[in-house]
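Q: Can you walk me through this one? Start with the surface, then go inside.

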Amino acid sequence: MSNLSLVGFEDVNVGTGIPELIKEITLEQFAMYSAVCWDFHPMHYDSATGQKLGFKEAFADGPMLAAFLGQVATSWLGGQSRIYRLKTRYLKPVFPGDTLYCSGSVLGKSDSPNHSIDCEVWANNQDGDRVASGIAVSYTHLTLPTNREV
């Protein structure tokens, strides 16, 4: 991942691609996420429960996918950025053994109020299927300093 600690607001343009973040999905990851979030719905860490609900096994909790989408943006922009809003849509279930390729692109930018940029972010699985993406306004608002502030 590139770190934009030396790149300012004026260096980011519409169409700029966000470097890919790869996530190898495991059942242990589901269990840890469930514990951290106090979300103990067994369909997210117990494959037998997932199968009873008609899935091939346990499946990812949607907010975990949203966290990946936020992470792809903040990993790219570095510690000087903040996500103000992230809207997501979950399109397909994610299972242990899947590999997610998270990426995005810059849709727009605004000088006010806080040098924000708008990014579309998404996650595709190993088969190229989109499993999560931005919805509605379809971007993440991020604060990025100008070169004068770096």
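Predicted model: local features only at pLDDT ≥ 70, side-chain atom pairs only at ≥ 80, totals over all residues.

A: Start with a nonpolar surface patch: L27, W38, F40 and Y45, with about 450 Å² of accessible area together. Patch residues have over 30% relative accessible area and no salt bridge, and nonpolar side chains (Val, Leu, Ile, Met, Phe, Trp, Tyr) are joined within 5 Å. A salt bridge puts a side-chain nitrogen of Lys or Arg within 4 Å of a carboxyl oxygen of Asp or Glu. Areas use the Shrake-Rupley method with a 1.4 Å probe.

Q: Where is W38?
A: W38 is in the loop between α1 and α2 (47-52). Helices are DSSP runs of H or I, at least four residues; strands are E, at least two.

Q: Is W38 buried or exposed?
A: W38 is exposed, because its relative accessibility is 71%. Exposed means over 50%, buried under 20%, partly exposed in between. W38 also has a positive phi of about 55°, although it is not a glycine.

Q: Now inside. Which residues have the most contacts in the largest nonpolar core?
A: W76, L100 and I117, in a core of 26 residues. Such a core joins buried Ala, Val, Leu, Ile, Met, Phe, Trp, Tyr and Cys through side-chain atoms within 4.5 Å.

Q: Which element supplies the largest share?
A: Helix α3, with 7 residues.

Definitions and conventions: Residues numbered from 1 in each chain as written. Heavy atoms only, no water. Buried < 20%, exposed > 50% of the residue type's maximum accessible area, 1.4 Å probe, protein only. Patch = residues over 30% accessible without salt bridge, like charges linked within 9 Å, V, L, I, M, F, W, Y side chains within 5 Å.
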